[in-house]
Amino acid sequence: MPVVLGLAVAIAIPVVVSAVGSATAVSALRRQLADLPPGERSVTVSYNGILDRAELARLDGMVRTAVPRIAAPTIRRQMLFRQIAEGGGAGAGSFVLAGADDLSGGVRVLSGRLPAACTPTRCEVAVLAGAPAPPSALGLVVVGRVERRDPLLLSGTFDPGPGVPVLIGDGVERVAALSSLSSFGRSTGWVSSLDAERVRRIGLDAWVREGAAVAEDLWRDGEGLVVTAPVEVVREQDRRARLSTQRFGLLGSSMAVLLLATAVVGGASVRHDHVAFIAALRLRGAGNRQVMRLSAVEVSSVTIAGGLLGVAIGAAGVVVIGVRTGLPAGPTLAEALRSATPLGLGLLVVGGVLIWLTLRGRPMWSAVGGTALATAAGAALLAVRGGVGTSDGGDPLLTLLPALVLASAALGAGGAWPAFARLGTRLLPRRALAARLGVGAVAGRPLRPAATAALLTAAVAAATFAASYRATLEAGAADQAAYAVPLDARLVVGRAGQRPQDAVGPAVLREVTGGRPGAVVPVVRAAASVRLDAEQGAPVQLIGLSPQALTRIARWSAVTGAPPGGVSGPQELVTRLGVPGVPAGTLLPVGRALRIPTDVPLEIAATAHLRSPDGRERAVPLAVEGSGGSVGLSARLPDLRDASGAMTRLALVAISLRQPADSATVRQHNLGEGGRDRAAPTGAFTLGLPEVDGTPVAGAWTRWATGAGQSGQVVTTGSSGGSLAVAYRLVNSVVVLDGRAGAPGGPGRPLPVIADAATAATARDGRITLTLDAVPLPAQVVGVLDRFPTTAGRFVVADGDALAAVIDARTPGAGQAAEVWLDLPVRSAGPGRQEGQAARVALAGAPFDRVEVRLRTAEESQARSDPVARAASGLLAGTALAVLVIAALALVLLVVGEHREDAARSFAWEADGVTPRQLRATLWWRAAAVAALAVPLGIAVGIGLSGATARLVAVTAVAGSPQPPLTAATGVGWAVGLLLAGSAGALSVAGVIAGSMMREHFPTRVWGRR
């Protein structure tokens, strides 16, 4: 019975794991599609043009018949007019008119009521976005304001775009019948959501083929119907879902090997009875062929019974999984059996061979040695071949690595057991009678304890691997969240296209971070390159931020690959990266009007570039004013506010000079059409002291010079602080006067940077030369990190203010921060916890809805709640529990089997004066000897396997390419704890079983012996 049950569970495991993989793939695809914008997870059929009522009805019937073949049967019909001028006059603005069937099911009323009546001359509408005032001549009457409730309403190709005012009416046919808009262009569409279960059920390739057939049929018969389906999006999500389930092969293969070992232990436990039965047959004249046939029938019957029982157990598990996940039981079971058949048949064959070898006895030891070497070689070969990643180039055979490692460890433990037992009998003191008798008994008859040691080694290794790999995936989720969001929150440009500092404002940012210094970190980004050889360069990401922000980055060691202390520690890098005294430009007093006197009227266009202390930049055109002896350049200063709400003091950081638009156009035409050049515009002028609201700025031009990369175009002379003399030659389209000359990044003063190892390797004497906007940028490498959060590939990190000055010297205005990192108040007990919660609530509302907000806790929570992550975590936890139970059962079988087989020897020992208590202790010592070898070896193998799997199977908990790479989360302390707990648990179970035996007056009579 133990053999049949072991084989049955071994067969059931691949079936159940396959079903779990299918269910998880469906849940993962459904979850991933739900996370996409509505327009990217729907099927749309559109018609661009004007349709009469009959034609619209004909097309509607065709679409409603065809679309359910590839999408959900629920279809929302809608119509969208092109933008219509509000008042018909120039500059009056415009709006979009839309119509939708069943409007009440797609919107929610905010004020007023829903549209009702709609005739060709008068149609009620509701405001969906903006505040348009339609001209009365159109016959549109606004009766309320609504917001969208159905994500399919005006999504995807029917999305009017951000900031476009929208009016919407109830009923496509009624809105289309408006006589005032009878000749206006429009688009009619039918939108249905994707059905993830349908895609998985019929298969991605079949779904793609069916989608192509639907598109062809509608295009042919509808004469203009266009089908839009996110095929590539679904293909990518399906690939990710299928890849994620490959991890389950790690569990299925390891459990199968483990349970085959259980079958071997069961075979060893009945070997005594088998040998006695064969001996009795031989005494009655049975020949070798008859004995072999009988053994074959015995092994085959056990194997077939185990296989049938395993299929039944697996089928029951599949039905339960189907009920819980909503999958159809029949197709799910058929797919699970089909995918598990090769492995199941292989397990049955291997199981039968192992049982036969176990019953034979001596050939088993030769098979153990050879198989151990073969599996170890296979594991090493797979490790050398590479890893399983998220691309198709990964080696799928690597999912067999745990099975091979567990098998080789188990077989190695079984082969080493006899020598270990003999060594134990020599090392045990003579006074330890029970220990010496127990270990000596199993040393002389090693098959059953060797098989138990093999099973226990595999069980402990599998439990350690499951627990360690589960912890690795969970720690990886936290690491990847910190890599994507280094601080508590990350604000980036949203759909409206506004930079976070412009959309939110410093006062709101200060409030949400509690006003703590350094909690708001503007981040500057730029693209550069580093030369690899005489012809090739490599792209490098430039990151600029406050050096103090490095100390606030979460999980520093994991996300950067550097230890927390030493030269790569954040505090040390803050000191090395900081650039003191970065020029701020010409500080202007607070005011409204800027005027710069000139000696002559400028004949070229000039732009002033202004910067606030928190890094916001504005460009304002300088208009030429005055005549005669009073000429100058003037502009209206932007109204920028600081965190307190007061007007902030601006700095003039650059002035760009351009050729006027008309002359530039003439020159471009000459070059493009005739290949003839024109003389570059040249001239000279002198700038006087700038004035703000009539107040001059003393020493304004002290640090001004030619911008980077402007050689041959402009020459500045006489920069005494009181005036700036400029001679220019506009060879290129723009020249720059730099107000922060002398900042790091120029000749003789390289910019301190932290670089990745590959970029740092190109340095000479610690210096590298980057190319930024076709201009060299000298940099000094002050630190090397393996990686840096939010980057991919080569990177360079610099002081944010210094990098902004470098960028503005080449392209004024480009040095402004494109994103902001926020360090939110600490979430702890008391007021800090409330403040942290309030900050997260604030980030979910206005004005943060104008940018994209990413929270580290939300990223980590999403990774942990992903269906793939939850399934993997559950299977790993279940595996750890199951194998520990199997380990306990193996010790029970060992103690029970030794008690039955050694009854005669125990009687002889008792006759020689050994007490019943000592006899029971001998049974316990046999289990203790097995545990002494198997538990430490299993823990070591499990920890090593977890580390190897984290490095080689490069897949995160959500089946993504891990960034940063996964690292084994098991430490030495955790391993020692597991060693003590595992040893204590195993020996406690053995002690309870042994203590309950040999309490009768006479030893139990064993068949064939006395």
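Which residue stands opposite L737 in β26? Let's find out by walking through a few parts of this predicted model.

## Strand β26 and its partners

The answer is I655, which sits across from L737 of strand β26. The two strands to look at here are β19, covering residues 651–658, and β26; they pair in the antiparallel sense, with 5 bridges between them.

Strand β26 also pairs with strand β23, a stretch made of residues 705–706. These strands run antiparallel too, and 2 bridges join them. Here T706 is the residue that stands opposite L737. If you find L737 in the structure, you can look for both I655 and T706 from there.

## One side of helix α24

Now move along to helix α24, made of residues 903–911. Its buried residues are A903, S906 and W909. Why do they lie on the same side of α24? Because they cover an arc of only 120° around the axis.

After the helix comes G913, and its phi is positive, near 110°.

## A nonpolar patch on the surface

Our last stop is on the surface, where L881, V885 and L889 form a nonpolar patch. Together, these residues have about 290 Å² of accessible area.

Terms used:
Residues are numbered from 1 along each chain as its sequence is written. This is a predicted model: local features need pLDDT of at least 70, side-chain atom pairs count only at pLDDT 80 or more; totals for chains, interfaces and linings use all residues. Side-chain values use heavy atoms; hydrogens and water are left out. Two strands pair if DSSP finds at least two bridges between them. Helices (H or I, at least four residues) and strands (E, at least two) are DSSP runs, numbered from the N terminus. Buried means under 20% relative accessible area, exposed over 50%, partly exposed in between (1.4 Å probe, protein chains only). The arc is that of the directions from the helix axis to the C-beta atoms. Patches are made of residues with over 30% relative accessible area and no salt bridge: like charges are joined within 9 Å, nonpolar side chains (Val, Leu, Ile, Met, Phe, Trp, Tyr) within 5 Å. Accessible areas come from the Shrake-Rupley method with a 1.4 Å probe; for residues, only the protein chains shown count as cover. A salt bridge is a side-chain nitrogen of Lys or Arg within 4 Å of a carboxyl oxygen of Asp or Glu.
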